[in-house]
Amino acid sequence: MQTVRIYRLKDLNRPTRARLKAAQMEAARVWMDCLERHRAARSERTRWPDRDELQRATKGGQYALHSQSIQMVCHQFLANVETTNALRQRNPRHRYPYHPKKYLTVQWPAQAISCQGKRLILPMGRGRKSFSFHLPDLPERIGAVSLVWNGGYELHLVVPTAPEAHVPVPATMVQASVDLGEIHQAAVTTSTGKGLIVSGRGIRSLKRQYNMTLGRLSRLQSRCQQGSKRWRRLQYVRARERSKKERRVRDLRHKGTRQVVDFCRAAGVQTLYVGDPRGVRNQSRGRHHNQRMAQWEYGKDKQYLHEKCAQVGIMCFSGSERGTSSHCPRCDWKKKPKGRTWTCRRCGFVGHRDIVGSMNMHPLAFGSRISYPASLTYRRPGPLRDRRQTKERSPSGTS
Ligand SMILES: [Zn+2]
């Protein structure tokens with residue numbers, strides 16, 4: 001089991017930035033050399049270069065990188081060729097690596113890196129200065145490290161984690177289902193009569209804020225000439241705002257799904273069913289609603305839930321949630337729900353709409369009906385704003 005910890009490298013000085021850039025360009029050069037060799041072998045119909053040959057060809061201080069970083073590029077290239085081979089079985093038009101690369105993520109395997117206190121040392125080969133970064137709460141054991149460009153430099157540290165000890169299995173099977181939503185990120189019900197609602201307000205508001213900023217920026221950009229200095233500056237602001245939003249949303253998404261998994265663990269859940277909201281998104285309901293639906297990343301929620309469940313030993317599977325929000329969980333009366341509370345005209349049932357959706361998944365997934373949860377917990381994924389940050393920076397970079 002392993003997790004990845006992401007460190008954003010902020011406030012880098014100019015020489016370090018230049019060296020990071022050079023390292024990525026050097027890695028791309030290794031890739032391009034592998035690519036050329038492979039292409040030549042293909043066109044001359046000779047034996048394709050294998051691991052040993054590529055390693056021999058890239059040896060001997062031709063590149064300003066650590067030898068194991070070079071090796072990792074070769075391995076990555078061969079893995080790519082392998083994948084292409086597999087894909088070509090089905091689609092012969094699939095191409096072998098051909099795209100010219102200028103930059104490439106640089107990787108260091110676990111045995112190449114070292115730590116000195118809170119400093120992470122990334123070697124660049126004999127006779128060259130190593131990279132050294134001061135990182136807060138550095139984990140004790142570190143696997144591979146990669147230097148990634150994501151609108152700014154980031155270090156991705158692989159952290160090996162021991163699989164957690166299994167909770168003693170209760171006598172009865174405890175099951176739970178999750179209804180993913182846009183207004184409420186997740187609504188969970190367990191077969192033991194507990195419920196959890198994680199709000200999606202924070203994510204919604206971040207996205208809305210971003211959409212408004214984007215609108216303002218495009219209005220400003222429409223007044224300048226495309227490609228001009230001012231236009232480029234606005235383009236830069238746009239990219240900065242986007243990556244800021246993406247990081248914040250990703251953070252909230254992880255925290256929200258973490259709440260779900262922690263809740264399930266505390267309730268002793270062994271199997272979790274995740275309803276797949278496919279289909280909800282494809283109906284047209286006006287431009288504002290459509291934009292919200294298009295920006296709703298439930299696939300991420302599903303993926304995060306699967307990964308986090310695997311870590312703590314909860315069996316997680318997903319399937320359809322067709323019709324779960326339109327039926328009464330008590331008497332199966334069908335209606336089109338409106339508003340946030342579900343009221344049944346036939347049996348008088350009243351309940352939270354997303355909880356109803358989640359309750360109705362139990363018969364689909366486990367074949368047994370459950371009653372409305374006796375205790376409901378409301379949670380936010382986490383604080384929306386960093387409390388230390390008191391002044392919001394204005395998004396316009398033109399004044
Ligand atoms: Zn009813």
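**Before you click**

Residue numbers start from 1 along each chain as its sequence is written, and side-chain values use heavy atoms, with hydrogens and water left out. Because this is a predicted model, local features need pLDDT of at least 70 and side-chain atom pairs count only at pLDDT 80 or more, while totals for chains, interfaces and linings use all residues.

**Stop 1: colour by confidence**

Colour the chain by pLDDT, the predictor's confidence in each residue, from 0 to 100. The protein chain averages 89, and 94% of the residues score at least 70. Now select residues 394-399: here the pLDDT is below 50, and beyond near neighbours in sequence the stretch has 11 contacts in the model (contact means heavy atoms within 4.5 Å).

**Stop 2: a helix pair**

Helices and strands on this tour are DSSP runs, numbered from the N terminus (helices are H or I, at least four residues; strands are E, at least two). Show helix α4, residues 201-222, and helix α5, residues 229-266. How do they pack? Their axes are 10 Å apart, at an angle of about 175 degrees. Axes here are lines fitted to C-alpha atoms, for helices over the stretch in contact, and angles run from 0 to 180 degrees between N-to-C directions. So α4 and α5 are roughly antiparallel to each other (under 35 degrees counts as roughly parallel, over 145 as roughly antiparallel, 65 to 115 as roughly perpendicular and the rest as oblique).

**Stop 3: salt bridges**

Side chains of opposite charge can pair when their charged atoms come close. A salt bridge here is a side-chain nitrogen of Lys or Arg within 4 Å of a carboxyl oxygen of Asp or Glu, and by this rule the count comes to 19. For burial, read buried as under 20% relative accessible area, exposed as over 50% and partly exposed as in between (1.4 Å probe, protein chains only).

- Select Arg 8 and Glu 154, whose closest N and O atoms are 2.7 Å apart in a salt bridge. The pair links distant parts of the chain, 146 residues apart: Arg 8 sits in strand β1 (residues 2-8) and Glu 154 in strand β7 (residues 153-160). Arg 8 is partly exposed at 23%, whereas Glu 154 is buried at 1%.
- Next, pick Arg 29 and Glu 26, a salt bridge with the closest N and O atoms 2.8 Å apart. The two are three residues apart in helix α1 (residues 14-43), so about one helical turn separates them. Arg 29 is partly exposed at 37%; Glu 26 is buried at 15%.
- Then try Arg 37 and Glu 53, whose side chains meet in a salt bridge at 4.0 Å, N to O. Arg 37 is in helix α1 and Glu 53 in helix α2 (residues 51-57), 16 residues apart.
- Finally, select Lys 207, Arg 253, Glu 297, Lys 300 and Asp 301 together: they are linked in a network of salt bridges.

**Stop 4: Leu 364**

Leu 364 lies in helix α9 (residues 361-366).

**Stop 5: two positive phi values**

Most residues other than glycine have a negative phi. Asp 11, in the loop between β1 and α1, has a positive phi near 50 degrees and is exposed at 79%. Asp 137, in the loop between β5 (131-134) and β6 (145-149), has a positive phi of about 25 degrees and is exposed at 58%.
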